[in-house]
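I opened this entry to write down, one item at a time, what I looked up in the model. The notes follow the order in which I went through it.

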Amino acid sequence: MKRYILTMLMSVAVICSCKSDTLDVKTIIKPTEIIDIISDKQFSKGISLLGLSSSNSAPIDKLYPFDKTNGEPVWKAAQWGSRFNLLGLNPEVKNDSVIYKNEGKKLSFLKVGDEVLVNMEVYGSKEYRAPRKEGDEWPHLLLEQGTNQVKLVNLKTLNYSISAKLMFAENKMGADYNVGMHTAQINLYLLVQNLNKQSAGYGDFFWFGLPLYDYRYRDMAEYAAQDLGKEDATKKFIFAVAANTLFEGSLHDKNWVSINKDIYPQVIAAFNRAKATGYLATTNLADLGISSTNVGWEVPGTFDCGIQFKGLKLTAVANK
């Protein structure tokens with residue numbers, strides 16, 4: 001029960017950071033077309049920096065992992081609940097890595113061939129003045145973007161790829177540590193939404209989670225619940241698959257873990273489960289597309305933690 005409550009609470013912050021516009025879906029798909037659901041995988045257009053509170057999600061600055069461009073960034077960096085703002089920082093360049101860092105967090109980028117190695121660190125020992133209590137905010141470091149909104153019904157496969165390695169995760173809480181309240185975790189979430197303006201359920205959605213790491217558990221079990229636990233909770237359905245359906249081993253071992261998985265059947269199963277439990281009552285499969293995604297740290301406890309990842313892709317193959 002404690003695990004259920006904490007996971008439910010932590011999901012709220014992800015939901016606050018995944019706002020997405022609902023658009024008409026007009027994409028015409030050729031029979032053999034491969035669609036990039038996640039775009040600008042090399043961060044070439046820069047990143048819009050968001051503020052410290054999810055109640056105001058307007059960009060406050062731009063980060064440039066590589067050369068500055070005049071284009072509008074696809075990616076956003078969210079730093080909800082932090083005491084330390086990345087606003088106005090000049091990046092440091094060290095060993096070809098472009099580094100944005102302050103007392104509370106670090107976000108860095110390194111080109112490795114055709115891929116970008118992303119490093120994300122949160123320093124809970126600096127963020128927290130006292131152990132977190134129930135109802136308190138917690139720091140986030142998330143990368144998110146609105147995605148290519150192709151309807152799920154038009155797809156044959158939906159392939160998710162990433163390689164990730166835990167660099168460190170240090171519990172700084174001592175005797176104050178409460179497994180039911182405190183952790184550091186990193187996941188990738190998809191917002192699966194009704195994009196059909198002619199549907200009575202237009203705009204309705206659920207959250208689909210792909211776990212990478214949780215300090216408390218080597219093996220993260222399947223999770224399904226309603227989003228509750230905070231005043232601004234969406235009360236929408238959240239479903240996260242079991243980690244062992246995505247990859248072998250555990251990031252706890254601090255080795256590289258790679259995922260290359262067709263998650264389309266799991267997304268459809270999650271939708272059917274949502275329907276069976278009373279959610280999305282006026283939404284059909286033909287209405288659904290992926291509106292946004294985010295990946296990054298939520299740290300509802302005094303932990304210093306860091307992860308690296310590369311090769312993040314979400315690609316689809318159209319129905320013939």
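I began with Val 98, and I found that it stands opposite Phe 109 in strand 7. Strand 6 and strand 7 (residues 105–112) pair in the antiparallel sense over four bridges, where two strands are said to pair if DSSP finds at least two bridges between them. I also noted that strand 6 and strand 7 form a hairpin with three residues between them. Strands here are DSSP runs (E, at least two residues), and they are numbered from the N terminus.

Before going on, I wrote down that this is a predicted model, in which local features need pLDDT of at least 70 and side-chain atom pairs count only at pLDDT 80 or more, while totals for chains, interfaces and linings use all residues. Residues are numbered from 1 along each chain as its sequence is written, and side-chain values use heavy atoms, with hydrogens and water left out.

Next I looked at how strand 6 is placed. Four of its five residues are buried, so strand 6 is largely enclosed by the rest of the structure; buried means under 20% relative accessible area, exposed means over 50%, and partly exposed lies in between (1.4 Å probe, protein chains only).

I then turned to the partner of strand 6 on the other hairpin. Strand 5 and strand 6 pair in the antiparallel sense over three bridges, and Glu 92 has Ile 99 of strand 6 as its bridge partner. This hairpin has two residues between the strands, and Asn 95 takes a positive phi near 50° there.

Which loop holds Asp 96? I found Asp 96 in the loop between strand 5 (92–94) and strand 6 (97–101), with a positive phi of about 70° although it is not a glycine. I reminded myself that most residues other than glycine have a negative phi. Asp 96 counts as exposed, at 62% relative accessibility.

Is Phe 43 buried or exposed? With a relative accessible area of 4%, Phe 43 is buried. Its place is in the loop between strand 1 (34–36) and strand 2 (47–49), and its phi, near 55°, is a positive value in a residue other than glycine.

My last entry concerns Gln 185, which is found in strand 11 (residues 185–194) and counts as buried at 7% relative accessibility. The C-alpha atoms of Gln 185 and Glu 298 are separated by 5.6 Å, although these residues are 113 residues apart along the chain.
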